[in-house]
Amino acid sequence: MDRNAMRLPDFLIIGAAKSGTTTLFDYLCLHPQFYNPIKDADFFDLKKKHIYKEPNFFSRDDIYAKGIDWYAFLFSRAEPHQACGEATTDYTKYSQFPESAARIAQHLPHVKMIYIMRHPVERAYSYYLQLNAKSKFKESFEEHIQKTSVSLDGSDYMLQIEQYLKFFPIESFLFLLTDDLSQQPRETLKKLCNFIGIDDEIDLLKENEVKSNQARKRLEYTYRSRLTAPLRKVPGVNSVRLLLPQSWRDQAYRLLKKTPYGEWVKKEYLPQQMRPETRQMLLERFHESNQRLAEFLNRDLSHWSK
């Protein structure tokens, strides 16, 4: 690829995982001045659409080894007037991927970065749900954080920010809270568009609210599917089920949940809640980091102490 013509991202959404990064990206995909790589991908590439949204290029050694030409190809179809970017949350997992900031600085010295942050304890628990969803939650959250710090490290927001400030000026960043997106979505998206240089007067909410990566809803869907799977295998049940009103099906599901079988499936496919004492321990763990972040952002984060 001709390096003079190489198209690289104008911005990166660098995290934090389980804080709304996919939601931000999905909203941007509705903007006519944003290059949506997933929409423009070839049919066969759609099976790997996560690569276009979250390529992990600067974080993972094996992907970085593919070279900058491989990375630039992901954005090669963008028109000159379109902004392009990606959203890789591994870029703010310093303990696991310590080279990310330096690599970004080397290849994208003028890139703009968006970092959205969530209540650190709730984010850590949500990340645990994501990591363990396919293993039928064989370990509790408490067992998980005793075994590995991976779910907690991503909530040390100031640690992540400090790695980037070694290479980039503060003007390179837009710092957001998940609360901003949920409580003031229109103002937050306007700020985001203005930051990356696309028309901030376009109403990205008019097509209905985008909802992405809702871990609890996915877990409930998995539980319901597992619970009703034996019934769906009975000949003729599927045909009858589709004729029933949704309210009747929901009532049958609620009754089935209360059976011994429903309790067994719940233990197999739904996680245990975080223990109150664990939450209190983690609130204390993140207290100092939260205070530093509040001073850095000049924002009230007192609600993160509850």
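## Strand S4

Strand S4 (residues 173-177) is largely enclosed by the rest of the structure, because five of its five residues are buried. Buried means under 20% relative accessible area, with a 1.4 Å probe and protein chains only. Strands are DSSP runs of E with at least two residues, and helices are runs of H or I with at least four, numbered from the N terminus.

This is a predicted model: local features need pLDDT of at least 70, side-chain atom pairs count only at pLDDT 80 or more, and totals for chains, interfaces and linings use all residues. Residues are numbered from 1 along each chain as its sequence is written, and side-chain values use heavy atoms, without hydrogens and water.

In a regular strand the side chains alternate between the two faces of the sheet. Both faces of S4 are covered. Phe173, Phe175 and Leu177 are buried on one side, Leu174 and Leu176 on the other.

## Strand pairing

S4 pairs with S3 in the parallel sense over five bridges. Two strands pair if DSSP finds at least two bridges between them. Met113 has Phe173 of S4 as its bridge partner.

Strand S3 (residues 112-117) also pairs with S1, again parallel, over four bridges. S1 pairs in the parallel sense with strand S2 (residues 85-87) over three bridges. Leu12 has Glu86 of S2 as its bridge partner. Strand S1 (residues 11-15) has five of five residues buried, so it is largely enclosed by the rest of the structure.

## His31

His31 sits in the loop between helix H1 (21-28) and helix H2 (37-40). His31 is buried, at 2% relative accessible area.

Terms used: Buried means under 20% relative accessible area, exposed over 50%, partly exposed in between (1.4 Å probe, protein chains only).
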